[in-house]
Amino acid sequence: MSDPTPDQVPGAPHPRDTRTLFGQSTAEAAFLEAFQAGRLHHAWMVQGPRGTGKATLAYRIARFLLSQLPLDGGDGLFGAPPPPTTLDSPVDHPVVARMAAQSEPGLRVVTRSVNEKTDRLRDEIVVDDIRALSGFFHLSLADGGRRMVIIDAADDLNIAAANALLKMLEEPPAATTLLLVTHQPSRLLPTIRSRCRILRLSPLSGDDMVAALAQAGSAEASGDALAVLADGSVGAALRLAALEGPALYAELLAMLGSLPQLDRPRALKLSESVAGRGAADRLDLLCDLLDILLARLARHGMLGPAPAHIVPQEPEIFARLAPSAPAARAWAEQAQTVSARLRHGRAVNLDPAALVLDTLIKLAQTARDIEAPLPA
């Protein structure tokens, strides 16, 4: 597989090549209802957590609209076809083939571009990326068709680019539909949000996660546990599977299970596993998993066992470490401190092994402060 693009999860097919969308029938039905009723808005905000299929839905909508009859009112040789009941497009339709080949003239996709001066990918979508759409909007429409624009992700727009997009939304081009993929809609200008209809996507269930992972080519079989750990995000699940995230989470949980007496040899081994060349991704994942673990621990102390657990030993370990609401509050406070310290340590390039080991030592001290009883 070639290097992933800014709008592609590493290790997964590109959204334009993902034909089936799992777990988002409500959002699909909402768009289809608007199309059938003739209330097709010029701009749609496709929002939801990362990895839940937002870009896949955007490409499905683009294929669907571009493969519909022209907008000139003609019904074709045999009259009007029956109204569509799905966003699926015929696999032999020319639009489908052209989109797969990235040669569809009616579609433009805006992502973070490469800075020609540095030859590196920009951290944001700049105003020139948006202004380049003007030439696209002035092209003649072939056969009375449509134009589609996908912006992925709209969260990456800088201020100048956002203002340029706002002008387009205020004076929408004819026969054009804009799809804004966003993970954090609150980061967008309120005036942009107010000019878009919303398609909201939700985290996937265990069954949908298994199906989506299979489509993405992942051999990961523990669908329910992975769905909980990834919070219903296929993108997060693929990252977890690629970096052996479930095993790393289990190891972190086992470390907590030894508290308040820290297993130092085991702690040293874990700390050293995230240090050295090529271990940056594993260190980032460890930080994320520790956030999840401590949050689940604090939640257990306040609300009791979660509906689903990631590792079978979770309820027993959590019950011992957070037997009461005060203990849960202590873990919640420690979670905030640990998260901030790990992020700061990463930002200033502290030694990863020492950073992780010190974190585990502080967690052991928290357990001693709480005076969690040792197992009988």
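**Close-up views of a predicted helical model**

**View 1. Packing of α11 against α13.** Helices α11 and α13 pack with their axes 10 Å apart and at an angle of about 55°; axes are lines fitted to C-alpha atoms, for helices over the stretch in contact, and angles run from 0 to 180 degrees between N-to-C directions. That angle makes α11 oblique to α13, given that angles under 35 degrees count as roughly parallel, over 145 as roughly antiparallel, 65 to 115 as roughly perpendicular and the rest as oblique. The crossing of this pair is right-handed; a crossing is called left-handed if the near helix is turned anticlockwise from the far one by less than a right angle, and right-handed if clockwise. From α11, the residues G245, L248, Y249, L252, L253 and L256 take part, and from α13 the residues R282, L285, L286, L289, L290, I292, L293, L294, R296 and L297. Contact means heavy atoms within 4.5 Å. Sorted by class, the contact of α11 with α13 has 13 nonpolar, 1 polar and 2 charged residues; Ala, Val, Leu, Ile, Met, Phe, Trp, Tyr, Cys and Pro count as nonpolar, Asp, Glu, Lys and Arg as charged, and the others, Gly among them, as polar. Helices (H or I, at least four residues) and strands (E, at least two) are DSSP runs, numbered from the N terminus.

The model is predicted: local features need pLDDT of at least 70, side-chain atom pairs count only at pLDDT 80 or more, and totals for chains, interfaces and linings use all residues. Residues are numbered from 1 along each chain as its sequence is written, and side-chain values use heavy atoms, with hydrogens and water left out.

**View 2. Packing of α11 against α12.** The axes of α11 and α12 cross at roughly 150° and come within 11 Å. The two helices are therefore roughly antiparallel to each other. Here α11 passes α12 in a left-handed crossing. On the α11 side, L248, E251, L252, A254 and M255 meet R266, A267 and L270 of α12. The contact of α11 with α12 has 6 nonpolar, no polar and 2 charged residues. The loop between α11 and α12 holds P260, and the peptide bond from L259 to P260 is cis, with omega near 10°.

**View 3. Packing of α12 against α16.** The axes of α12 and α16 come within 8 Å and cross at roughly 140°, in a right-handed crossing. Residues R264, A267, L268, L270, S271 and E272 of α12 meet A353, V356, L357, L360 and I361 of α16. By class, this contact has 8 nonpolar, 1 polar and 2 charged residues.

View 4. Helix α16 comprises 19 residues (352–370), which at 1.5 Å a residue should span 27 Å, and its end C-alpha atoms are 27 Å apart, in agreement. The expected span is 1.5 Å times one less than the number of residues in the helix. Within α16, A353, L355, V356, L357, T359, L360, L363, A364, T366 and A367 are buried. Buried means under 20% relative accessible area, exposed over 50%, and partly exposed in between (1.4 Å probe, protein chains only). The cover over the buried residues includes α11 (245–257), α12 (264–272), α13 (280–303), α14 (314–321) and α15 (325–347). E371 follows α16 and has a positive phi, near 60°.

**View 5. The loops on either side of α10.** The loop between α9 (223–229) and α10 (234–242) contains D231, which has a positive phi of about 55° although it is not a glycine. D231 counts as exposed, at 55% relative accessibility. G232 is also found in the loop between α9 and α10, but at 1% relative accessibility G232 counts as buried. Leaving aside neighbours within four places in sequence, G232 is in contact with T52, P203, L204, M209 and A227. G232 and G23 are 209 residues apart in sequence and 9.9 Å apart in space, C-alpha to C-alpha. In the loop between α10 and α11 lies E244, a residue other than glycine whose phi is positive, near 55°. At 54% relative accessibility, E244 counts as exposed.

**View 6. T56 in helix α2.** T56 is placed in helix α2 (residues 54–66) and counts as buried at 10% relative accessibility. Not counting residues up to four places away in sequence, T56 touches P15, T18, T20 and L21.

View 7. The peptide bond from D152 to A153 is cis, with omega near 0°. A153 is placed in the loop between β5 (147–152) and α6 (159–170).
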